[in-house]
Amino acid sequence: MADFDGAGKAFLAWLQRSGAELSPKIKLEDLRHAQAGRGVVATQDIAEHELLFRIPRSAILSVENSILSKEIPAATFETLGPWLSLILVMLYEYLNGEASNWATYFSVLPAEFDTLMYWSEDELAELQASAVVNKIGRDSANEMFLEQLIPVVKEFAPIFFADDERAPQKAEEMRDERNLALMHRMGSLIMAYAFDVEPSVLKKDVDEEGYASEDEDEALPKGMVPLADMLNADGDRNNACLFYEASSLDMKALKPIRAGEEIFNDYGPLPRSDLLRRYGYITDNYAQYDVAEVSMDLVTDLATTAGIYSESRIEYLDEQEVVDTGYDLTVSDPFTLQESLSPELVVLLETLLLPEEDFERLKKKGKLPKPEKMTSKGGALLHRLIQTRLAQYNTSLDDDVRNSPDVPGVGGPGSKERRFAMAKAVRIGEKRLLKQVEEALAEKFAREGVAIKRRREVDEEGDVEMGGTEKKQRA
């Protein structure tokens with residue numbers, strides 16, 4: 001506790017030396033008893049729009065603020081991109097130890113994580129057919145470290161290791177498991193804590209007529225914003241927001257905050273599966289953002305079995321930006337098919353079902369079926385697709401709900417028991433959504449006089465088989 005508190009106090013003192021302004025109405029609090037690490041709490045009543053703290057841009061741990069950016073060509077960072085560039089800079093600053101301006105900041109950042117990157121195979125298996133399993137990316141991250149990051153470290157080894165005579169050897173040692181784990185730690189810190197930092201001055205390309213172009217897809221530079229990243233997040237109780245000013249980043253109250261209340265930021269509409277993947281925890285407040293993904297592979301398999309798969313139609317749909325690796329079904333409240341179904345998925349199925357002459361007519365006009373006008377055949381095929389998707393999970397929704405523990409009361413951080421409980425909560429949310437869609441489709445077309453049967457496999461003894469096919473890899 002002393003080290004924890006001491007590190008927190010040293011961090012706040014460093015922040016103030018760095019030019020940060022902190023409201024006397026807030027404090028950094030030890031929330032480990034609530035399994036929330038550190039958090040920020042109001043000590044007095046705070047008014048709406050009141051400044052909570054102001055972090056100068058110079059205190060942000062970013063490529064721009066690191067000495068390394070002055071020693072390595074800008075083109076190198078551009079090649080690496082925002083993500084790997086910040087990992088490179090964080091490695092450099094971390095390995096510099098006390099010589100780094102951010103050494104005190106590193107001391108309050110976690111060294112261990114509950115994110116999916118660090119789960120064992122049996123723990124990940126509890127997620128069953130959740131698409132999030134294919135989004136963890138540990139192997140692809142290793143590949144990027146080995147093929148893109150480490151070559152840069154080796155190329156600039158004397159700079160990276162501050163003219164250490166062992167610099168070449170140290171650069172080669174970056175391939176060791178211990179250093180790869182350090183890279184994963186930096187990547188996990190960025191995923192859980194970093195912000196997309198809007199530049200103080202926007203850089204825009206100006207054409208011959210003097211018009212400035214804005215590329216909405218251009219990735220913003222990432223940065224670690226001290227203290228701002230220590231606010232816990234809550235989808236319902238979000239009461240603060242970070243504002244980007246010319247010389248600082250200001251955290252302000254979005255609503256009145258009473259003394260004793262925790263100050264919450266918001267991650268945005270993230271499903272609980274992504275909360276678990278990125279931050280290592282879940283909360284029921286984010287159940288409203290849950291999604292269930294239907295992969296393109298599954299659509300392809302079903303369409304092939306049904307004899308309606310057409311490569312030429314898929315190519316046309318791809319040109320129309322309809323084809324994707326997966327399609328999200330989303331929670332809606334109150335639930336409606338129109339709000340929950342992916343329009344692109346409906347268009348995809350309806351296009352595959354079109355008679356040839358109807359498809360050619362639409363293609364000539366550069367048009368697509370309207371997603372709000374789902375046909376009975378399209379609904380039946382979608383219903384079968386949802387049933388097949390549900391069958392990919394190893395257990396039924398009823399079994400999961402019947403044996404589901406309350407996550408906040410289970411185990412400690414990093415415990416297998418807690419990870420199992422969080423995984424079960426994620427898959428329950430996905431199954432509930434799929435079940436809602438399945439039942440709504442059956443009801444919709446029953447009203448329209450179209451029979452949609454529940455397809456269940458029956459074994460030799462007459463029992464209904466609830467299992468299904470194994471989850472396929474995402475494209």
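A: A word on confidence comes before the tour. pLDDT is the predictor's confidence in each residue, on a scale from 0 to 100. It applies here because this is a predicted model. Among the elements of the protein chain, strand 4 has the highest mean pLDDT, 98. The lowest, 34, belongs to strand 17, residues 464-465. Residues 454-475 stay under 50, and the model gives them 43 contacts beyond four places in sequence. The protein chain as a whole averages 88, and 89% of its residues score at least 70. Below 50 there is also the stretch 209-218, with eight contacts beyond near neighbours in sequence.

Now to strand 4 itself. Strand 4 covers residues 51-56 and pairs with strand 1, residues 21-22. The sense is antiparallel, over two bridges. Here Arg 54 is the bridge partner of Glu 21. Strand 4 is also joined to strand 12, residues 248-253, by five bridges. That pair runs antiparallel too. In strand 12, Asp 250 is the bridge partner of Arg 54.

Elsewhere, two helices meet. Helix 11 spans residues 296-305 and helix 14 spans residues 343-353. Their axes come within 12 Å and cross at roughly 20°. Angles under 35 degrees count as roughly parallel, so helix 11 is roughly parallel to helix 14. The crossing is right-handed. From helix 11 come Met 296, Val 299 and Ala 303. They meet Leu 345, Leu 348, Leu 349 and Leu 352 of helix 14. By class, this contact has seven nonpolar residues, no polar ones and no charged ones.

Notes
Residues are numbered from 1 along each chain as its sequence is written. This is a predicted model: local features need pLDDT of at least 70, side-chain atom pairs count only at pLDDT 80 or more; totals for chains, interfaces and linings use all residues. Side-chain values use heavy atoms; hydrogens and water are left out. Two strands pair if DSSP finds at least two bridges between them. Helices (H or I, at least four residues) and strands (E, at least two) are DSSP runs, numbered from the N terminus. Contact means heavy atoms within 4.5 Å. Axes are lines fitted to C-alpha atoms, for helices over the stretch in contact, and angles run from 0 to 180 degrees between N-to-C directions. Angles under 35 degrees count as roughly parallel, over 145 as roughly antiparallel, 65 to 115 as roughly perpendicular and the rest as oblique. A crossing is left-handed if the near helix is turned anticlockwise from the far one by less than a right angle, and right-handed if clockwise. Ala, Val, Leu, Ile, Met, Phe, Trp, Tyr, Cys and Pro count as nonpolar, Asp, Glu, Lys and Arg as charged, and the others, Gly among them, as polar.
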